[in-house]
Amino acid sequence: TGSIGFAEFEKILRVILRGPLEAQVFCAFQVYRLSNALDDDRVEVLTREDMFRHLKLETDSNIFLAPDFRALFRVFEEKTLAKENRPALEKPKPSDVHVTLDEFRATIESQSQPSCGFSNLFRQIVTGRQVLATTSSLTDAAAALRAALPALLPAELAQLQTVGLQELKEMFSKMDGDKDGLIGLQDLVDGGLTLETARDVL
């Protein structure tokens, strides 16, 4: 429909905040895929170009998102090593230059304490009632995000309370700029997203 109502918004946020790890990783992967690229089998992938854009935006430097990006870097590193160990005459594989959801999820799940950094970030935003100011550039936005979100100790993360309906309503209201009960394209653009990114979100 080109817009998101509160019911849909609540479901998405509850998955990100309290859903199973597999669902949280899926949401994170979709957000990190800046190019919406597909492989030859029409499987959604995250490309090297996506990673370079995140590095330029310093997304990987965020204290919460850094573990997710370490997992992505690890997949790319393993693929690079595998490529170097193949016979010189063997043709490069398309999969050498991208990461699939399954590869990302498997790397996250292989950690000693598996968690999704993207979900941890949202927990801090919602429960901490952090309000991020609109900035003139994505680089400034990344810097503002890091400044607004102080590091949490693992024990503090474990003590975060269940997110209530009121907190979700407040977040929805902040994103619903024209207060029509829907988050539409113009709301996201007015909130600081580019038109292209806003269309991808919706």
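In helix α5 (residues 101-109), the buried residues are L101, F104, R105, T107 and I108, where buried means under 20% relative accessible area with a 1.4 Å probe and protein chains only. Because these residues cover an arc of only 160 degrees around the axis, they lie on the same side of α5; the arc is that of the directions from the helix axis to the C-beta atoms. The cover over the buried residues of α5 includes α2 (21-32), α4 and β3 (98-100).

This is a predicted model, in which local features need pLDDT of at least 70 and side-chain atom pairs count only at pLDDT 80 or more, while totals for chains, interfaces and linings use all residues. Residues are numbered from 1 along each chain as its sequence is written, and side-chain values use heavy atoms, with hydrogens and water left out.

K79 is placed in helix α4 (residues 66-84) and is buried, with a relative accessible area of 12%. Its side chain has the following polar partners.

| Atoms of K79 | Partner | Distance |
|---|---|---|
| K79 side chain | E103 side chain | 3.1 Å, a polar contact |

A polar contact is a pair of N or O atoms within 3.5 Å; within protein, one must be able to donate a hydrogen and the other to accept it, and residues adjacent in sequence count only if both atoms are side-chain atoms.

Across the protein there are 11 helices and four strands, taken as DSSP runs (helices H or I, at least four residues; strands E, at least two) and numbered from the N terminus. Of the 202 residues in the protein, 35% are buried.

Terms used
Buried < 20%, exposed > 50% of the residue type's maximum accessible area, 1.4 Å probe, protein only. Contact = heavy atoms within 4.5 Å.
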